[in-house]
Amino acid sequence: MSAVAVCALYALAIALYLHTLVDCVRTPPARTRFLPKTFWVLALLWAPVLGGLAWLYLGKGPEAEPQRAQNGSGGQTLAQV
């Protein structure tokens, strides 16, 4: 494998590691799945690539849908009336 390809793979691994570590630290504990947040951070520190992939696919739960504001007409807008 050429030196450029090896450097690109290392750069990709480092970018994945940094992204997932920052994302895990900034995610509220209520959105983590399967493990407590502390264990996810430890998994990312222990196994950067595998832990990062696990965090991306298993660790972070979906965002809660924002609540719609009620406008006094039972939730209908003017266009729906």
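Colleague: How many salt bridges does the structure hold?

Modeller: The structure holds one salt bridge, counting a side-chain nitrogen of Lys or Arg within 4 Å of a carboxyl oxygen of Asp or Glu. Keep in mind that this is a predicted model, where local features need pLDDT of at least 70, side-chain atom pairs count only at pLDDT 80 or more, and totals for chains, interfaces and linings use all residues. Residues are numbered from 1 along each chain as its sequence is written, and side-chain values use heavy atoms, with hydrogens and water left out.

Colleague: Fine. Which side chains meet in that salt bridge?

Modeller: Those of D23 and K60, at 2.9 Å from N to O. D23 lies in helix α1 and K60 in the segment after α3 (48–59), so the pair ties together parts that are 37 residues apart in sequence. Helices here are DSSP runs of H or I with at least four residues, strands are E runs of at least two, and both are numbered from the N terminus.

Colleague: Is D23 buried or exposed?

Modeller: D23 is buried, at 18% relative accessible area. K60 counts as partly exposed, at 26%. The cut-offs: buried is under 20% relative accessible area, exposed is over 50%, and partly exposed is in between, with a 1.4 Å probe and protein chains only.

Colleague: What does the side chain of T27 have near the backbone oxygen of D23?

Modeller: A polar atom, 2.5 Å from that D23 oxygen. T27 sits in the loop between α1 and α2 and is buried, at 2% relative accessibility. Setting aside neighbours within four places in sequence, T27 is in contact with K37, W55 and K60; contact means heavy atoms within 4.5 Å.

Colleague: OK, and where is T32?

Modeller: T32 is in the loop between α1 (3–26) and α2 (37–46). T32 is buried too, with a relative accessible area of 15%, and its side chain reaches the backbone oxygen of P29 at 2.9 Å.

Colleague: Which residues is T32 in contact with, leaving aside neighbours within four places in sequence?

Modeller: K37, W40, W55 and G59. K37 and W55 are also among the contacts of T27.

Conventions
A polar contact is a pair of N or O atoms within 3.5 Å; within protein, one must be able to donate a hydrogen and the other to accept it, and residues adjacent in sequence count only if both atoms are side-chain atoms.
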